[in-house]
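This report describes a single protein chain.

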Amino acid sequence: MATSSTTRGTFAVMLLGAALYLAGVVSIALYPKFAHRTYISENALMPGSAYIDFGDAEYRQALSISADLANTDQQAASTERLMSGLGLETRIHRFPLPAQLAASTGSRFGETVYAIVRAPRASGTEAIVLSSFFNSGNDSANASGVSGAGLTVSLFSHFLTRRWLAKDLILVLADCRLGDLGVKSWLDAYHGQNIAGSSAVQRGGLIQAAIHVDLRRASQFDRFVIRTEGANGQLPNLDLVNTMHRLVVREGVREANVVLSSADALPYPSFVPDPLVSLFNFLLNQARGVPTGAHGAFTRHRFVAITASNYNCGRWTLAADAHHRPFS
């Protein structure tokens, strides 16, 4: 009798545990649909309230720079010459490579190109960093459109004549063959942590935030992805993520096409909704503890940083006026 009662009690506990487990899975699956929209706590950001003067001429310049970079030997020296020709204060940071990378690249040293646009009306105590790759293994030989390097170089050329800058702007273009090592070595040198054989770098203000722009050259792409996961689960301030999200949507990208977290961590069946794919991939990336983009080099220094990237699946066309339509 006692054994039968114990068996029924054990079964009831197991049934309750299974029910609670299932309820937890269902609640997580429903979270993207019923979660409250987040907000921006820093009122000074006011995304969408400014007028954008990055127009047709600047967009055509970004296309031209992207093509020029693709048609060069895609080395740091040629990238530095192109940027200097646009009037940017450009330099090259050289650093020694580990033996394995040196063997695969055929060079003992890696090179990172960087430029600084100094705020004309500020003390130069703070800075914001944009980074990208001056070469890209993701682009095909006949690719067209704006690359990450082309867009960021065009932006910095545009900022040269703007008197309203309140912070120094730093552009860092690394070698994509080295992953985030180029950005990491530049950051170490920027903070006086030079390793033997590494060159010194020019300094700007104290870095406040960073955005890594990883765009494949394509006029069509499937998603605009905001990658947030850093090393060991580090995440950026939510204000930066929300600001990026709101500005992208405001510029003409459908909200359903803006994906948070890495959407290519694992393949999922087509019937799984995109918000669930983002949620599951976010949980998976957090468990891995590995950065999902080159912004991970900045999070190691505890800077607020994200990676903005896209997909080239041909399901969504980025209209030209969506790039540079002024805010109303």
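Which residues does Ser154 touch, not counting residues up to four places away in sequence? They are Phe54, Glu58, Gln61, Ala62 and Ile65, where contact means heavy atoms within 4.5 Å. Ser154 has its place in helix H5; helices (H or I, at least four residues) and strands (E, at least two) are DSSP runs, numbered from the N terminus.

Ser154 counts as buried because its relative accessibility is 0%. Buried means under 20% relative accessible area, exposed over 50%, and partly exposed in between (1.4 Å probe, protein chains only). The side chain of Ser154 also makes a polar contact with the side chain of Gln61, at 3.1 Å. A polar contact is a pair of N or O atoms within 3.5 Å; within protein, one must be able to donate a hydrogen and the other to accept it, and residues adjacent in sequence count only if both atoms are side-chain atoms.

## Basis and confidence

This is a predicted model, in which local features need pLDDT of at least 70 and side-chain atom pairs count only at pLDDT 80 or more, while totals for chains, interfaces and linings use all residues. Residues are numbered from 1 along each chain as its sequence is written, and side-chain values use heavy atoms, with hydrogens and water left out.

The mean pLDDT of the protein is 79, and 80% of its residues reach 70 or more; pLDDT is the predictor's confidence in each residue, from 0 to 100. Over residues 312-328 pLDDT stays under 50, and for this stretch the model has 44 contacts beyond four places in sequence.

## The sheet

An open sheet is formed by 8 strands in the order E1-E2-E4-E3-E5-E8-E6-E7, with mixed pairing. Strand E1 (89-96) and strand E7 (258-260) are the edge strands, each pairing on one side only. On average, neighbouring strands of this sheet are turned by 20 degrees against each other, direction ignored. Axes are lines fitted to C-alpha atoms, for helices over the stretch in contact, and angles run from 0 to 180 degrees between N-to-C directions. Two strands pair if DSSP finds at least two bridges between them.

Strand E3 (residues 126-133) pairs with strand E5 (residues 206-214) in the parallel sense over 6 bridges. Ala127 stands opposite Ile207 in E5, and Leu130 has Ile211 in E5 as its bridge partner. E5 and E8 also pair in the parallel sense, over 6 bridges, and here Ala210 stands opposite Ala305 in E8.

## Helices around the sheet

What does the sheet carry in the way of packed helices, and which strands does helix H7 touch? Helix H7 (residues 238-250) packs on the sheet and touches E5, strand E6 (224-227), E7 and strand E8 (304-310); its direction makes about 30 degrees with that of E8.

Helix H3 (residues 76-85) has the buried residues Ala76, Ser78, Thr79, Glu80, Leu82 and Met83. These buried residues pack against helix H2 (56-71), E1, E2, helix H5 (148-159) and E4. After H3 comes Gly87, whose phi is positive, near 95 degrees.

## Salt bridges

How many salt bridges does a search of the whole structure find? The search finds 7, where a salt bridge is a side-chain nitrogen of Lys or Arg within 4 Å of a carboxyl oxygen of Asp or Glu. One of them joins the side chains of Glu89 and Arg91 (3.3 Å, N to O). Glu89 counts as partly exposed because its relative accessibility is 29%, and Arg91 is partly exposed with a relative accessible area of 34%. Glu89 also meets Arg118 in a salt bridge between their side chains (3.5 Å, N to O). Arg118 lies in the loop between E2 and E3 and Glu89 in strand E1, so this pair ties together parts that are 29 residues apart in sequence. Arg118 counts as partly exposed, at 36% relative accessibility.

Another salt bridge links the side chains of Asp188 and Lys184 (3.4 Å, N to O). Both residues lie in helix H6, 4 residues apart, about one turn of the helix. Asp188 counts as buried at 14% relative accessibility, whereas Lys184 is partly exposed, with a relative accessible area of 31%. Elsewhere, salt bridges that share partners join Glu89, Arg91 and Arg118 into one network.
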